[in-house]
Amino acid sequence: MIKNNVQIVKKEDIEIRILREKCISAATCIVYAPSTFDLDKENIAVVKSGEWDRLEKIIAAAQSCPVIAIEVYVKGKKIYPS
Ligand code: SF4
């Protein structure tokens, strides 16, 4: 779901939010978690459907983002950025 230019995707306990306005297409998130992130036609990061990477990799991907465009929640609690 994309609302107010934020993509929100939830799977089991993990929720990922991509703040699309911030994304500068650096693609480092894809290097760290290639099964979770991709770029769309506009070269903005999106969360992929299908099997995601492990949580550690998803967090590493979020930490790698130079503009902090990725937020990670676990069981409704914000894990990154804290
Ligand atoms: S690392 Fe950040 S800026 Fe780069 S594509 Fe991913 S979300 Fe966008």
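Analyst: Helices are DSSP runs of H or I with at least four residues and strands are DSSP runs of E with at least two, and both are numbered from the N terminus. This is a predicted model, in which local features need a pLDDT of at least 70 and side-chain atom pairs count only at pLDDT 80 or more, while totals for chains, interfaces and linings use all residues. Residues are numbered from 1 along each chain as its sequence is written, and side-chain values use heavy atoms, with hydrogens and water left out.

User: Where is N43 found, and why is N43 called partly exposed?

Analyst: N43 is found in the loop between β4 and β5 (45–47). Its relative accessibility is 42%, and the rule calls a residue buried under 20% relative accessible area, exposed over 50%, and partly exposed in between, with a 1.4 Å probe and protein chains only. The value of 42% falls in between, so N43 counts as partly exposed.

User: What makes the phi of N43 worth a remark?

Analyst: Most residues other than glycine have a negative phi, and most peptide bonds are trans. Phi of N43 is near 65°, a positive value, although N43 is not a glycine. I68, in the loop between α2 and β6, has a positive phi of about 50° and is not a glycine either. I68 counts as partly exposed, because its relative accessibility is 36%.

User: What kind of peptide bond joins Y80 and P81, and why is Y80 called buried?

Analyst: The bond between Y80 and P81 is cis, with omega at about -10°. Y80 lies in strand β7, whereas P81 is in the segment after β7. The relative accessibility of Y80 is 15%, so Y80 counts as buried.

User: Which residues does Y80 touch, and how do you know that they are contacts?

Analyst: Contact means heavy atoms within 4.5 Å. By that rule, and leaving out residues up to four places away in sequence, Y80 touches A62, Q63, I68, I70, E71 and V72.

User: Why is S64 called buried, and which other residues of α2 are buried?

Analyst: S64, in helix α2 (residues 55–64), has a relative accessibility of 17% and therefore counts as buried. The buried residues of α2 are I58, I59, A61, A62 and S64, and what covers them includes β3 (14–19), α1 (28–32), β4 (37–39), β6 (70–74) and β7 (77–80). S64 touches T28, C29 and Y32, not counting residues up to four places away in sequence.

User: What makes a space count as a cavity, and how many cavities of 30 Å³ or more are there?

Analyst: On a 1 Å grid over the protein atoms alone, a cavity is a set of points where a 1.4 Å probe fits but cannot get out, whereas a pocket is an open set with protein on both sides within 12 Å along at least five of seven lines, and lining residues have an atom within 4 Å of a point. Grid points are joined across faces, edges and corners, and a volume is the space filled by probe spheres set on the points. The count comes to one cavity of 30 Å³ or more, and the largest cavity holds about 90 Å³ of space. Of the 15 residues that line the largest cavity, C23, A26, A27, C29 and C65 are the closest to its centre.

User: How do you know where the ligand sits?

Analyst: A molecule sits in a cavity or pocket if more than half of its atoms lie within 2 Å of its grid points, and the space taken by the ligand is the largest cavity. A residue is near a molecule if one of its heavy atoms lies within 4 Å of it; of the 13 residues around the ligand, C23, A26, A27, C29 and C65 come nearest.

User: Which residues line the largest pocket, and what makes K11 partly exposed?

Analyst: The largest pocket, with a volume of about 150 Å³, is lined by K11, E12, D13, I14, E51, W52 and D53. Ala, Val, Leu, Ile, Met, Phe, Trp, Tyr, Cys and Pro count as nonpolar, Asp, Glu, Lys and Arg as charged, and the others, Gly among them, as polar, and the pocket lining divides into two nonpolar, no polar and five charged residues. K11, in strand β2 (residues 6–11), has a relative accessible area of 28%, so K11 is partly exposed. K11 touches G50, E51 and W52, not counting residues up to four places away in sequence.
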